[in-house]
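Work through these exercises with the model open. Each task is followed by its solution.

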Amino acid sequence: MIELWPAIDLIDQQSVRLTEGKYESKEIMNRTAEEAIAYYNQFEQVTRIHIVDLMGALHQKPAEQEFITNLIQTSQVPIEIGGGIRSEETINYYLSNGASYVIVGTRGLQDLPWLKKMTDLYPNKIYLGLDAVKDQVAVNGWTETAERTIYDVAEETASFKLGGIIYTDISKDGKMAGPNVELTAKLVHLSPHPITASGGIRSLEDMKELEKAGVTAAIVGKAANTTDFWEGIK
């Protein structure tokens, strides 16, 4: 079965969800970040927890480092961190403080030589966060689109020592209306790296569809905060 990575998105140490990446749509989740980590650690199928510093992503520098470091210590399951990671110093900080992986988005997409250098220094520890409106790449906390497609990026990063690529279709994110299986499948065929799907995943059935498309893992956000989603998950 495809790997399951539940997401915890943070603003001011609160676990929140956004719809289509819009910060004004912020919704506080029922479980605190600490409660969510304890809950997700119960499930065998959860092989990783995905934590994002949303204000870090928006302001282009980490905003929740100390809080995230404390969260990492409470989990038996590996943790990956994203949001505002734009320097070797930040990458090293998180990996030295217990994170198993880090996600680089905007800086990696805008500065490919830097991304290659970081993946050479930390092979298979860095995931590229490929956030897009359908196939158009978005940067800076999803507030701007770049003049590139996800297919361009797949080609440009094929030789890099990435842990994988995390593809989020922003137009699907937070809507619980199903993932973009078609575009995710195209990315699987274009990139040699493992592809993780994110955005709109609401059920075990969605995960099975993604698995058929060759996807390695699914990041589940809003749905992971419902009890219905976990029925049938071991």
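**Exercise 1.** Leaving aside neighbours within four places in sequence, which residues is I51 in contact with?

*Solution.* The model is predicted: local features need pLDDT of at least 70, side-chain atom pairs count only at pLDDT 80 or more, and totals for chains, interfaces and linings use all residues. Residues are numbered from 1 along each chain as its sequence is written, and side-chain values use heavy atoms, with hydrogens and water left out.
- Contact means heavy atoms within 4.5 Å.
- I51 then touches I8, L10, I37, I68, L71, I79, E80, I81 and G82.

**Exercise 2.** Which way do the axes of α3 and α4 cross?

*Solution.*
- Take helix α3 as residues 65–72 and helix α4 as residues 88–96.
- Their axes come within 10 Å and cross at roughly 30 degrees.
- The two helices are therefore roughly parallel (angles under 35 degrees).
- Q65, E66, I68 and T69 of α3 meet T90, Y93 and Y94 of α4.

**Exercise 3.** Which residues of α4 are buried, and where do they point?

*Solution.*
- T90, I91, Y94 and L95 are buried (under 20% relative accessible area, 1.4 Å probe, protein chains only).
- Seen down the axis of α4, these buried residues fall within an arc of 125 degrees, so they line one face. The arc is that of the directions from the helix axis to the C-beta atoms.
- On the other side, E89 and S96 are exposed (over 50%).
- The cover over the buried residues includes α3, β4 (49–53) and β5 (79–82).
- Just after α4, G98 has a positive phi of about 105 degrees.

Technical notes:
Axes are lines fitted to C-alpha atoms, for helices over the stretch in contact, and angles run from 0 to 180 degrees between N-to-C directions. Helices (H or I, at least four residues) and strands (E, at least two) are DSSP runs, numbered from the N terminus. Angles under 35 degrees count as roughly parallel, over 145 as roughly antiparallel, 65 to 115 as roughly perpendicular and the rest as oblique.
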